Amino acid sequence: MAEAGQVIMPMSAAHLSETASWSNDVGRLELARTILAGSRGWQMRDVLAVRADEFRSTLATFAGLAARPVRPVVTVAPFAALGAGVRGSVREATVPPEIPDEWRMGYLSTLSNLVYAACLLDRESTPRGSLSGWLHRVQGFSLWLESERNRSKVERRRSARLFAAADMRTELARAAAGIGATPDQTNRWVERAWDSDDLGAPGISFFRSVMVDKMLAGARWEANDLTDLMYLCTAAGYADHVVGERRTIGLLGQTVRRLGASVRLHTKLASVVDACAARRDSV
């Protein structure tokens, strides 16, 4: 269905990093071929870029400031999945001067796809930064919250939301600086908007909600939880279907019901195929 153009199955940076870590060459090759053929150049924009756009947009709306609209989250823009211009280690690709202007997009798209193929097929996995500091901080707060049983669930949820706000403070500060929002305007947005279920920013709303629910459940945190939350929550804000492992999908389901979101969640790939086929056949 994807290759026939009936559905869009975008690739993300999480696919690149997780596939590249496989030591099984045959399995990695088959998965890489499936990802590249199924995505057909479509990508989910890097989650940090999506969140930056969302923070700028919702903060600008609150403060009455100008900000560029949120860019398409599912896109064929070259290198969109890698967050060029957002992550410090990823630079914008340059076009050689001998390439005519009318060929510029074709050149960058071809180069982008070659880079993705290299990431998927390279036997040396892409190195990841350490998440030990984040994991220690989140687990420590979760344990403290679990011990505060004398507080009501409303109070504990508010405390968890405040922790989430502190956890995102660097992203928020960069967004505020990008649109020229003052510290006072930013603080007033946090005070007035942060305790709402829907922040007017789909990816951030899903991420904060799932993070808070996981803390309230007293679940143990693992290093890969940040990847799952960042990518699946961003996808849930913009996609029709999201598939993931049972634990994260279960938490996402609580947020879908709370926000009345339309995204359909799955724990098996076969379920996604059946849902897409049923929709295709009904058209």
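## A walk through the model

The lining of the largest cavity is made up of five charged residues, two nonpolar and one polar. Here Ala, Val, Leu, Ile, Met, Phe, Trp, Tyr, Cys and Pro count as nonpolar, Asp, Glu, Lys and Arg as charged, and the others, Gly among them, as polar. That cavity is our first stop, but a word on what you have open.

You are looking at a predicted model, in which local features need pLDDT of at least 70 and side-chain atom pairs count only at pLDDT 80 or more, while totals for chains, interfaces and linings use all residues. Residues are numbered from 1 along each chain as its sequence is written, and side-chain values use heavy atoms, with hydrogens and water left out.

**Stop 1: the cavity**

Select Arg157, Arg161, Asp197, Arg208, Ser209, Val212, Arg258 and Leu259, and you have the lining of the largest cavity on screen. A search of the whole structure turns up one cavity of 30 Å³ or more, and the largest has a volume of about 30 Å³. (On a 1 Å grid over the protein atoms alone, a cavity is a set of points where a 1.4 Å probe fits but cannot get out; a pocket is an open set with protein on both sides within 12 Å along at least five of seven lines; lining residues have an atom within 4 Å of a point.)

Now colour α6 (153–167), α9 (202–216) and α11 (246–259): each of these helices gives at least two residues to the cavity lining. The largest share, three residues, comes from α9.

**Stop 2: the end of α9**

Stay on helix α9 and click Leu216. Is Leu216 buried or exposed? Leu216 counts as buried because its relative accessible area is 10% (buried is under 20%, exposed over 50%, partly exposed in between, with a 1.4 Å probe and protein chains only). Not counting residues up to four places away in sequence, Leu216 touches Leu145, Glu146, Lys153, Arg156 and Arg157 (contact means heavy atoms within 4.5 Å).

**Stop 3: zoom out to the whole chain**

Show everything as a cartoon and you get 12 helices and four strands (DSSP runs, numbered from the N terminus: helices are H or I with at least four residues, strands E with at least two). The C-alpha trace spans about 60 × 45 × 45 Å along its principal axes. Of the 283 residues, 40% count as buried. Among contacts with a separation of 6 or more, 71% are between residues 24 or more positions apart.

**Stop 4: the largest pocket**

Next, which residues sit closest to the centre of the largest pocket? Select Met9, Pro10, His15, Val243 and Leu269: of the 46 residues in its lining, these are the closest to the centre. The pocket's volume is about 1700 Å³.

Its lining has 26 nonpolar, 13 polar and seven charged residues. Colour α1 (13–20), α2 (25–39), α10 (224–236), β3 (241–243) and α12 (269–282) to see elements that each supply at least two lining residues. The largest share, seven residues, belongs to α10.

**Stop 5: Thr19 on α1**

Move along helix α1 to Thr19. Its relative accessibility is 4%, so Thr19 counts as buried. The Thr19 side chain reaches the backbone oxygen of His15 at 2.7 Å, and His15 is one of the residues closest to the pocket centre. Leaving aside neighbours within four places in sequence, Thr19 is in contact with Arg28, Leu31, Ile35 and Leu120.

**Stop 6: Arg56 on α3**

Jump to Arg56 in helix α3, residues 47–63. Arg56 has a relative accessible area of 18%, so it is buried. Beyond the residues up to four places away in sequence, Arg56 touches Ala67, Arg68, Arg71, Ala175 and Ile179.

While you're here, pick the C-alpha atoms of Phe55 and Asp184: they are 16 Å apart, though 129 residues separate them along the chain. Asp184 belongs to helix α8, residues 183–193, and is partly exposed at 47% relative accessible area.

**Stop 7: two loops**

Finish with backbone angles. Arg40, in the loop between α2 and β1 (43–44), has a positive phi of about 50 degrees although it is not a glycine. Arg40 is partly exposed, at 37% relative accessible area.

Then select Phe79 in the loop between β2 (74–75) and α4 (104–121). Phe79 is not a glycine either, but has a positive phi of about 65 degrees. With a relative accessible area of 13%, Phe79 is buried.

Terms used: Points joined across faces, edges and corners; volume = space filled by probe spheres on them. Polar contact = N/O pair within 3.5 Å; in protein donor to acceptor, adjacent residues only side chain to side chain.
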